[in-house]
Amino acid sequence: MGKCDALIIGGSAGSLDVLLKVLPALSPTLSFPIVIVVHRKHGSDSLLPDLLSGKTKLQVKEVDEKEPVQAGVIYIAPSDYHTLIERDHTFSLDYSEKINYSRPSIDATFQTAAEVYQDKLVCLLLSGSNADGVNGLKSVKAWGGIAGIQDPASAQVSYMPEQAYIHVKIDYVLPIEDMAEFINLLS
Amino acid sequence: MNLELPVVSDEQVEVLLADLLEHYGYDFTGYSKASIKRRILRLYSLDKAVSFAEFRYRINNDTFYFKRFVEQITVNVTEMFRDPVFFKTLRNEVLPKLGTYPFIRIWLAGCSTGEEAYSISIILKELNLLHKSLIYATDLNPVVLEKAGQSMFAMSQMKQYSENYILSGGTKDFSSYYTANYSLAKFSDELKSKIIFSTHNLVSDHSFNEFQLILCRNVLIYFDRDLQHKVLQLFDDSLEGLGYLALGTKETLDFSPLSKNYKRVPAEKIWRKVS
């Protein structure tokens, strides 16, 4: 596996439990940033970064617009905006139409990151009940990146990883208990 | 919407943006690249362009299509009383302070289809300030302004807007502000009487008045840092002392050298010009 410049994790229904299990087992010295895009209700801001920051020694923060993407930080996509990654490795936020009924949309982050990080990008799609992220994973593969999914058998809601498995050539199918090690080895 | 994006290079996007500036005088070169590129790719897919060359040719040579292009690549998603807590602060803190002035001039920059303009008008009316207020609502896109001027919004949105209105501190019956006309809600002429809809491009147009309140929410996120600085300077030039500047939930004045002249209203993205 090539060097990883960024890991992006997308998830919807049933993905929070996975994050709560995986984050505590992450190495505190990751050499790349993690961006987490999960669907949630508008207005529930700041709860998620607070909840997740209690589970890891890594810095956890909500994305600010135009902020540089830095290694060793876990970024949370804010609710009700799409999080995009720019060529100069900064974040942009976008309040355009929902995609797959979702804002933030996982596709939007995967697709913009795919072009920027190309073969140094790893994207992971977790449990969820819609197909957001699937087109994004297609872009990731088209640009040479690595596509992983949560093993649908271990997902509370298997539809999202299943759709990815059907439509995209997936590199890794990961049960929850293998995820932290997989991520730590990307460093 | 669920799109697989075509592959278009950054260089092709740059060429297109240079065309727009040269042929039409619209300058999108200071926009955030990832965002504008996504908008362009989205339209390219929606309109099933055969090739980028054809897409570019059409934009450059068909003025009707160019209008569609501008309408589609700018983001026009908005709602009434969006972020109700923000409007509550306007209602309870900002507008009552401005109410002591003999006349209130408000600039709503990037007003899109007008939902926020009518929201502000409703609050001014309830505070009994509408008669001495004027809202300049501007956007670069004439198509959305035309829609804004009709003061009609989808009936299907009214339940959501009514909830937002109540959360923003409104206590009237929201439906008293419009009349239902099949699938559309037509807002009263009184609300519109103090709004002036006009084109203004934040990138290329200058200050046109002095205001006590400038609102520009979820516009700066589409600009790169340099353009953000330039536009914030334009706002500063257009804002009276002790006037207020209101930005979007994820936007800030903090990185700007102007911030030293401003004092933030606690917990809100509202700054008061103090020197």
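Helix axes are lines fitted to C-alpha atoms over the stretch in contact, and angles between N-to-C directions run from 0 to 180 degrees. This is a predicted model, in which local features need pLDDT of at least 70 and side-chain atom pairs count only at pLDDT 80 or more, while totals for chains, interfaces and linings use all residues. Residues are numbered from 1 along each chain as its sequence is written, and chains are lettered from A and ligands numbered from 1 in the order in which they are written. The model has an ipTM of 0.89 and a pTM of 0.93.

**Chains**

- Chain A contains six helices and nine strands; helices (H or I, at least four residues) and strands (E, at least two) are DSSP runs numbered from the N terminus.
- With a radius of gyration of 14 Å, close to the 16 Å that the globule rule gives for 187 residues, chain A is as compact as a globular protein of that length. The radius is taken over C-alpha atoms, and the rule is 2.2 Å times the number of residues to the power 0.38.
- Along the principal axes, the C-alpha atoms of chain A fill a box of roughly 35 × 35 × 30 Å.
- Chain B contains ten helices and ten strands.
- The radius of gyration of chain B is 20 Å, close to the 19 Å from the globule rule for 275 residues, so chain B is as compact as a globular protein of that length.
- The C-alpha trace of chain B spans about 55 × 50 × 30 Å along its principal axes.
- The average pLDDT of chain B is 95, and 98% of its residues score at least 70; pLDDT is the predictor's confidence in each residue, from 0 to 100.

**Interface**

- In all, 18 residues of chain B are in contact with 21 residues of chain A, a contact being two residues whose C-beta atoms, placed from the backbone, lie within 7 Å.
- Helix α2 (residues 33–46) of chain B gives four residues, the largest share of the side of chain B that touches chain A.
- That side of chain B has seven nonpolar, four polar and seven charged residues. Nonpolar means Ala, Val, Leu, Ile, Met, Phe, Trp, Tyr, Cys and Pro, charged means Asp, Glu, Lys and Arg, and the others, Gly among them, are polar.

**Helix packing in chain B**

- Helix α1 (residues 10–24) of chain B packs on helix α3 (residues 52–61) of chain B at an angle of about 10°, with the axes 10 Å apart. α1(B) is therefore roughly parallel to α3(B); angles under 35 degrees count as roughly parallel, over 145 as roughly antiparallel, 65 to 115 as roughly perpendicular and the rest as oblique.
- B:Gln12, B:Leu16, B:Asp19 and B:His23 of α1(B) meet B:Phe52, B:Arg56, B:Ile59 and B:Asn60 of α3(B). These residues divide into three nonpolar, three polar and two charged.
- Helix α5 (residues 84–98) of chain B and helix α6 (residues 115–126) of chain B pack at about 45°, with their axes 11 Å apart, and are therefore oblique to each other.
- B:Phe87, B:Leu90, B:Arg91 and B:Leu95 of α5(B) are in contact with B:Ser119, B:Ile123 and B:Leu124 of α6(B). By class, the contact has five nonpolar, one polar and one charged residues.

**Helix packing in chain A**

- Helix α3 (residues 106–117) of chain A and helix α4 (residues 134–142) of chain A cross at roughly 10°, and their axes come within 7 Å. α3(A) and α4(A) are therefore roughly parallel to each other.
- Residues making this contact include A:Phe110 and A:Ala114 of α3(A) and A:Leu137 and A:Val140 of α4(A).
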